[in-house]
Amino acid sequence: MANIKELFNDQALMRELLLDHYQYPHNHELVQDGTYLSKHMASASCIDDITVQADIEDGTIRDLRFDGVACTISTASTSIMTELLKGKTVEEAKRIIGEYMKMINNEEYDSEALEEANVFQNVYKQANRIKCATIGWDAVKEIIEEKENNG
Amino acid sequence: MFDVNSVRRDFPMIVNNPDLIYFDNGATTYKPQAVIDAITSFYHDYTSNIERGEYPTAIMADKAYMNTRKVIARMINCQDRQICFMGNITACLNQIAYGLGRDLHEGDTVLISYAEHASNVLPWFRLKRDKGINIRYVPLDMQGNLKLDELEECFDDSVKVISLAYVTNVLGSHQPIREVCKIAHRHDALVVVDAAQAIGHIKIDVEDLDVDLLCFSSHKMCGPDGVGVLYGKYDLLQQMEPILLGGGMNARFEADGTIILKDAPERFEAGTPDIEGVIGLAAAAEYLMNIGLDDIHEYEKELRSYFIDKMKKLDNVEIYNPDIEAGPVAFNVKGIFAQDVATYLSTKNIAVRSGNHCAKILHNLIGVDQSVRASLYFYNTKEEIDRFVDEISKTTLEATIDVFL
């Protein structure tokens with residue numbers, strides 16, 4: 001059985017995937033709904049400006065959305081993240097985020113857990129752009145932490 | 001006119017990186033060997049602190065430090081005592097806003113423009129917040145040029161200061177500072193000039209301009225980092241309260257709180273200054289004056305016109321400052337985020353800057369937040385421009401994405 005990591009050795013496929021998520025980002029609309037927790041990532045850099053919203057109920061991420069002005073990598077990585085984490089329990093999401101961060105930092109990671117997000121496996125080679133690949137993920141991480149701290 | 005190939009041999013960064021196209025001179029400039037030698041000599045031969053050392057190496061350091069005032073004074077046509085050294089131009093602009101701000105009151109107005117760098121905006125914003133002054137914006141055309149014929153209307157009795165970049169940092173618009181001074185002085189307003197992008201690119205004559213306060217950074221004129229130069233009319237410098245208090249800037253103080261400050265320029269130089277930097281700055285200024293600032297400007301104009309003609313022929317770019325005479329080219333590749341263009345270019349060994357370039361209110365003028373800025377200097381060549389334009393013509397969304405795969 002082909003390892004999922006090997007599927008992502010196909011450059012044309014990876015490019016297609018990134019282009020798709022950049023040009024037609026998924027879950028790319030915020031909602032006016034008080035049940036959503038929101039995180040505006042404006043001070044992380046002076047370039048990308050992203051807001052992420054999450055609806056977390058009963059320990060499950062029911063919905064995840066984002067909007068903002070950002071580069072290809074920020075937009076595509078956040079778009080892919082929303083698809084990947086939506087419907088997951090908070091515990092599952094935390095594990096996936098952890099594996100993603102390992103990949104971004106060029107450490108051993110569980111590629112099966114990351115599905116489409118494996119497309120960012122080589123971003124670590126552009127050291128100054130690592131933040132772009134993590135900005136949306138950091139937002140969700142912070143939302144989860146705040147949710148857990150506030151009960 | 002100088003020979004660019006011979007000039008290039010003076011710069012170790014160019015010699016050591018022959019394939020790197022450095023078009024980020026608006027951010028910082030390369031240093032000629034003469035500057036590096038001056039700094040090395042300070043550390044090899046006469047390392048000492050300045051002021052009051054009675055031994056030979058300290059006297060040498062003193063002399064070298066003071067010599068930079070002379071050289072810079074010659075470069076911008078003023079007296080030595082009008083040249084103060086601070087940590088960078090940001091420190092100078094903060095000193096100016098702090099010093100002038102003490103005499104500003106609620107309802108007073110400071111004029112700036114949408115094309116200013118953060119360091120010529122935020123210190124004034126703080127005065128707005130803390131003292132209730134007004135900030136108003138002078139009229140600019142779409143490429144950042146001051147509309148001089150509408151400037152007079154900006155002045156009323158409340159205007160005390162107008163603070164502008166000589167050459168703006170994204171669009172490269174060259175403001176008519178001499179005329180600004182005439183108009184401002186008719187209305188008893190002071191003129192502050194941020195010359196960060198002008199110094200080393202054009203000849204600056206502070207007396208001819210009649211500017212009240214002007215500042216620039218060493219590192220943008222082939223000098224070392226860590227030195228900002230503040231020029232001022234002497235009476236104004238003598239009246240201005242220093243932002244930093246400490247050693248080297250006071251004449252005496254007593255237990256009861258009495259402080260007697262030294263005269264300018266020393267009063268603005270609290271603490272041990274960047275001695276190596278100040279010494280290196282003299283070497284940079286001498287180097288540029290030897291080449292000739294008028295020739296540098298002429299060559300930059302020639303480069304820019306060559307550059308912009310080629311860029312205009314590409315249909316995948318949008319240029320924000322096509323008609324500027326000299327200075328950077330600010331543009332976007334259509335449909336591609338500026339930072340992605342810069343990352344792509346970096347894989348082709350080309351250095352540019354992308355983003356908002358610290359000019360975060362410029363979008364009010366040009367309608368976009370992000371752009372790519374290619375800023376050249378007198379050591380750049382037409383061959384580099386050819387290679388650059390060729391790479392821009394090949395910059396597609398797919399190509400910028402492939403960088404990350």
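This note takes up two topics in a predicted model, namely a helix pair within chain B and the contact between chain A and chain B.

1. In chain B, helix H5 (residues 89–101) and helix H6 (residues 122–131) have axes that come within 9 Å and cross at roughly 30 degrees. Since angles under 35 degrees count as roughly parallel, H5(B) and H6(B) are therefore roughly parallel to each other. The crossing in which H5(B) passes H6(B) is right-handed.

2. On the side of H5(B), the residues that make this helix contact are Leu93(B), Asn94(B), Ile96(B), Ala97(B), Leu100(B) and Gly101(B), while H6(B) contributes Pro123(B), Trp124(B), Arg126(B), Leu127(B) and Lys131(B). Sorted by class, the contact of H5(B) with H6(B) comprises seven nonpolar, two polar and two charged residues.

3. Turning to the two chains, 21 residues from chain A and 18 residues from chain B take part in the contact. Between them, chain A and chain B bury about 1800 Å², with 61% of this area lying on carbon and sulfur atoms. Within chain A, the residues that lose the most area to chain B are Ile47(A), Gln126(A) and Arg129(A), which together account for 29% of what that side buries.

4. How many salt bridges are there between chain A and chain B? The count is two. A salt bridge is also formed by Asp402(B) with Arg15(A), where the closest N and O atoms are 2.7 Å apart, a separation that falls within the 4 Å cut-off applied to such pairs.

Notes:
Residues numbered from 1 in each chain as written. Chains lettered and ligands numbered in written order. Predicted model: local features only at pLDDT ≥ 70, side-chain atom pairs only at ≥ 80, totals over all residues. Heavy atoms only, no water. Axes fitted to C-alpha atoms, helices over the stretch in contact; angles between N-to-C directions. Helix = DSSP H or I, 4+ residues; strand = E, 2+ residues; numbered from the N terminus. Parallel < 35°, antiparallel > 145°, perpendicular 65-115°, else oblique. Left-handed = near helix turned anticlockwise from the far one by under 90°. Contact = heavy atoms within 4.5 Å. Nonpolar A, V, L, I, M, F, W, Y, C, P; charged D, E, K, R; others polar. Buried area = accessible area lost by both parts, 1.4 Å probe. Salt bridge = Lys/Arg side-chain N within 4 Å of Asp/Glu carboxyl O.
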